[in-house]
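Hi,

Here is the structure I promised to pass on.

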Amino acid sequence: MQKGVSKWNSIAYLQKRLGYGNFEIIAFGDDFNDTEMLQNAHQGIAMGNGEENLKAIAHAVAKTNDEDGVSGYLERMLISEGIL
């Protein structure tokens with residue numbers, strides 16, 4: 001990969017370009033290359049099937065990919081916020 005290319009740098013670029021605040025960024029990851037993204041997002045969520053070191057730094061851990069962890073997490077979050 002080219003120097004300076006990462007998932008987080010891509011998100012940060014779009015965030016700046018679209019005018020989103022960091023509080024609007026939720027990132028999901030499952031492997032070591034997602035570390036920077038989870039650390040910098042307002043909510044960095046590790047997948048249940050993810051690397052243990054990633055789970056340790058995540059704000060929360062969702063169910064596994066096979067258990068629809070992303071959609072389940074988002075649904076619970078939207079319900080708790082009164083959006084759904």
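Below is what I found, going from the overall layout down to single residues.

First, the ground rules. This is a predicted model, so local features need pLDDT of at least 70 and side-chain atom pairs count only at pLDDT 80 or more, while totals for chains, interfaces and linings use all residues. Residues are numbered from 1 along each chain as its sequence is written, and side-chain values use heavy atoms, with hydrogens and water left out.

**Overall layout**

The protein has four helices and three strands; these are DSSP runs numbered from the N terminus, with helices being H or I of at least four residues and strands E of at least two. Read from the N terminus, the order is α-β-α-β-α-β-α. The C-alpha trace spans about 35 × 30 × 20 Å along its principal axes.

Of the 84 residues, 27% are buried. Buried means under 20% relative accessible area, exposed means over 50%, and partly exposed is in between (1.4 Å probe, protein chains only). As for contacts (heavy atoms within 4.5 Å), take those between residues at least 6 apart in sequence: 19% of them join residues at least 24 apart.

**Cores**

Nonpolar side chains tend to be buried together in soluble globular proteins. A nonpolar core here is a set of buried Ala, Val, Leu, Ile, Met, Phe, Trp, Tyr and Cys residues joined through side-chain atoms within 4.5 Å. The largest one has nine residues: Trp-8, Ile-25, Ala-27, Met-37, Leu-38, Ala-41, Ala-46, Leu-54 and Ala-58. Apart from it lies another core, of five residues, including Ile-45, Met-47, Tyr-73 and Met-77.

Skipping neighbours within four places in sequence, Ile-25 is in contact with Trp-8, Ile-11, Gln-15, Ala-41, His-42 and Gln-43. Gln-15 sits in helix 1 and is buried, at 12% relative accessible area. With residues up to four places away left out, Gln-15 touches Trp-8, Tyr-20, Gly-21, Asn-22 and Ile-25.

**Pairs**

There is one aromatic pair in the structure. The rule is that rings of Phe, Tyr and Trp (its six-membered ring) pair if their centres lie within 6.5 Å, with planes under 30 degrees apart counted as stacked, over 60 as edge-to-face and the rest as tilted. Phe-28 and Tyr-73 are edge-to-face, at 5.7 Å centre to centre and 80° between the planes. Phe-28 is in strand 1 (residues 26-29) and Tyr-73 in helix 4 (residues 69-80), so the pair ties together parts that are 45 residues apart in sequence. Phe-28 is partly exposed at 22%, whereas Tyr-73 is buried at 14%.

The salt bridge count is two, using a side-chain nitrogen of Lys or Arg within 4 Å of a carboxyl oxygen of Asp or Glu. In one of them, Lys-7 pairs with Asp-34, the closest N and O atoms being 2.6 Å apart. Lys-7 lies in helix 1 and Asp-34 in the loop between strand 1 and helix 2 (35-40), so this bridge ties together parts that are 27 residues apart in sequence. Asp-34 is buried, at 2% relative accessibility, while Lys-7 is partly exposed at 39%. Lys-55 also forms a salt bridge, with Glu-52, at 3.1 Å between the closest N and O atoms. Lys-55 and Glu-52 are three residues apart in helix 3, about one helical turn, and Glu-52 is exposed at 57%.

**Surface and loops**

Which residues form a nonpolar patch on the surface? They are Tyr-13, Leu-14, Leu-18 and Tyr-20, with about 460 Å² of accessible area together. Patches are made of residues with over 30% relative accessible area and no salt bridge, joining like charges within 9 Å and nonpolar side chains (Val, Leu, Ile, Met, Phe, Trp, Tyr) within 5 Å. Tyr-13 belongs to helix 1 (residues 7-18).

Glu-51, between strand 2 (43-46) and helix 3 (52-57), is partly exposed at 40%. Leaving out residues up to four places away, Glu-51 touches Asp-30, Asp-31 and Phe-32. Asp-68, in the loop between strand 3 (60-61) and helix 4, has a phi near 55°, a positive value in a residue other than glycine. Asp-68 is exposed, at 53% relative accessible area.

Cheers

Technical notes:
Accessible areas come from the Shrake-Rupley method with a 1.4 Å probe; for residues, only the protein chains shown count as cover.
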